[in-house]
Every structure is written in structure tokens, then in C-alpha cells.
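This briefing goes through one protein chain, topic by topic. Please keep the sequence and the 3D view open while reading.

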Amino acid sequence: MAQKVQSIDALRRLVGEEVGVSDWVLVDQAMIDDFARMTGDHQWIHVDQARARKESPFGDTIAHGYLTVSLMTRLSYEIGAWPDHLGAIINYGIDRLRFLSPVKVGSRVRLRSVLGAVEDRPDGSLLLRNNAQIEIEGVEKPALVADTLVLLVPNAKD
């Protein structure tokens with residue numbers, strides 16, 4: 001699981017290391033339906049189980065790719081590989097994202113994260129580059145791989 005990082009220096013020593021693996025989270029039809037409602041993406045491969053069981057190459061509904069992406073935030077907070085005393089932790093972007101396997105309804109997924117780099121920025125913030133994978137329980141290929149960017153902003157008093 002996650003390594004508790006006590007300082008920025010300790011964080012820098014983790015470059016190239018796995019910083020954590022989250023717990024598993026269930027992707028059920030209710031989660032998929034909620035995401036469809038929020039995004040307006042009601043394509044049948046996500047929300048129509050009867051049709052998906054008959055017509056989909058996956059044999060059932062699948063999670064939206066961007067639902068899987070959105071779980072990275074929740075699961076990264078669970079891993080939490082940064083010092084507690086920071087002012088803000090901001091999703092800064094994704095440099096590379098590939099969807100490799102569909103997340104079928106009823107699957108459990110988790111995040112595995114390797115710290116790729118810690119970059120100092122002129123404003124005193126730090127840019128973390130993480131090599132992230134969302135794994136699907138029992139499936140060899142991950143659901144997705146991504147190079148994520150996280151901005152760590154110190155407290156104004158630091």
C-alpha cells in the first residue's frame with residue numbers, strides 16, 4: 001500500500017519507485033449510470049444491460065473510459081504519497097493516456113502508481129509526474145495507463 005511521505009526530500013527519493021497501490025473499488029451499474037447522467041453519455045454499451053448482453057462484444061455493459069480516468073483521483077488520494085503539510089494538491093493534466101482493456105460492469109479496479117519525477121517550479125510549487133495504471137482484478141492487461149501530472153502547492157506560510 002501507500003508509503004507515508006514525511007518531507008519533500010523523502011518524496012524526491014521515491015522517484016522511480018512504486019508509491020502505492022490502492023484498495024479495490026467495485027464498478028457497478030449504479031456507478032456507470034450515475035456517470036452517464038452526469039456526462040450525458042447514454043450510449044447503450046454503458047447503460048443498456050439487456051442489449052449489451054446480446055450485441056456487445058464485451059458480453060455486458062462496460063464503464064465509460066472517462067469514468068475509469070476519473071477514478072484515478074479518488075484512488076490517488078487513497079494512496080496519498082505526499083506530505084500532509086502541503087497547501088493544495090491539484091490535478092494538472094495527463095501527458096499520455098491509453099485505454100487497454102474495457103472495465104466490465106461488476107469488475108473491481110485499483111490504481112498502481114510509480115513516481116516518475118519531481119520538478120521544482122519557479123513559484124515554489126512542485127510538479128509530480130506519475131506513471132499510473134488502473135488494474136482490473138483478474139485481467140492481465142490494465143484498463144488504462146497514463147502519465148499523470150499533479151501540482152503540489154505549498155502553504156503560503158511555508
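In this predicted model, helix α5 has 15 residues and reaches 21 Å from its first C-alpha to its last. That span is close to the 21 Å expected at 1.5 Å a residue.

**Helix α5**

- The buried residues of α5 are Leu67, Thr68, Val69, Leu71, Met72, Leu75, Ser76 and Ile79.
- Just after the helix comes Gly80, which takes a positive phi of about 55 degrees.
- Thr68 has its place in α5. Its relative accessible area is 4%, and because buried means under 20%, Thr68 counts as buried.
- Which residues does Thr68 contact, leaving aside its neighbours within four places in sequence? They are Ala63, Val103, Ile134, Ala143 and Leu144.
- With neighbours within four places in sequence again left aside, Met72 is in contact with Ile94, Leu111, Ala132, Ile134, Leu144, Ala146 and Thr148.

**The largest nonpolar core**

- This core has 34 residues. Those with the most contacts inside it are Val27, Met72, Val109 and Ile134.
- At least two residues of the core come from each of α1 (8-13), β2 (25-27), α2 (29-39), α5, β4, β5 and β6.

**The largest pocket**

- The volume of the largest pocket is about 290 Å³.
- Its lining is made of 23 residues. Met72, Ser76, Asn91, Thr148 and Val150 lie nearest the centre of the pocket.
- Two or more lining residues come from each of these elements: α5 (65-79), β3 (88-99), β4 (107-120), β5 (126-136) and β6 (144-153).
- How many charged residues does the lining have? There are none, and the lining divides by class into 14 nonpolar and nine polar residues.

**Ile94 in strand β3**

- Ile94 is found in strand β3.
- Is Ile94 buried or partly exposed? It counts as partly exposed because its relative accessibility is 38%, and the partly exposed class lies between the 20% limit for buried and the 50% limit for exposed.
- Beyond its neighbours within four places in sequence, Ile94 is in contact with Val69, Met72, Ala146, Asp147 and Thr148.
- Ile94 and Ile136 are 42 residues apart in sequence, and their C-alpha atoms are 20 Å apart in space.

**Arg112 in strand β4**

- Strand β4 is the place of Arg112.
- With a relative accessible area of 23%, Arg112 is partly exposed.
- Apart from neighbours within four places in sequence, the residues in contact with Arg112 are Glu18, Gly20, Val21, Asn131, Ala132, Gln133 and Glu135.
- Arg112 and Arg37 are 75 residues apart along the chain, and 28 Å separates their C-alpha atoms.

**Asn130 in strand β5**

- Asn130 lies in strand β5.
- The relative accessible area of Asn130 is 9%, so this residue is buried.
- Not counting residues up to four places away in sequence, Asn130 touches Ser113, Val114, Leu115, Gly116, Ala146, Asp147, Thr148 and Val150.
- Trp44 is 86 residues from Asn130 along the chain, and the C-alpha atoms of the two are separated by 33 Å.

**The chain as a whole**

- The chain has five helices and six strands.
- What pattern do they follow along the sequence? The pattern reads α-β-β-α-α-α-α-β-β-β-β.
- Taken along the principal axes, the C-alpha atoms fill a box of roughly 55 × 30 × 25 Å.
- Of the 158 residues in the chain, 44% are buried.
- Among contacts with a separation of 6 or more, 67% are between residues 24 or more positions apart.

Terms used: Residues are numbered from 1 along each chain as its sequence is written. This is a predicted model: local features need pLDDT of at least 70, side-chain atom pairs count only at pLDDT 80 or more; totals for chains, interfaces and linings use all residues. Side-chain values use heavy atoms; hydrogens and water are left out. On a 1 Å grid over the protein atoms alone, a cavity is a set of points where a 1.4 Å probe fits but cannot get out, and a pocket is an open set with protein on both sides within 12 Å along at least five of seven lines; lining residues have an atom within 4 Å of a point. Grid points are joined across faces, edges and corners, and a volume is the space filled by probe spheres set on the points. Helices (H or I, at least four residues) and strands (E, at least two) are DSSP runs, numbered from the N terminus. Ala, Val, Leu, Ile, Met, Phe, Trp, Tyr, Cys and Pro count as nonpolar, Asp, Glu, Lys and Arg as charged, and the others, Gly among them, as polar. Buried means under 20% relative accessible area, exposed over 50%, partly exposed in between (1.4 Å probe, protein chains only). Contact means heavy atoms within 4.5 Å. A nonpolar core is a set of buried Ala, Val, Leu, Ile, Met, Phe, Trp, Tyr and Cys residues joined through side-chain atoms within 4.5 Å. The expected span of a helix is 1.5 Å times one less than its number of residues.
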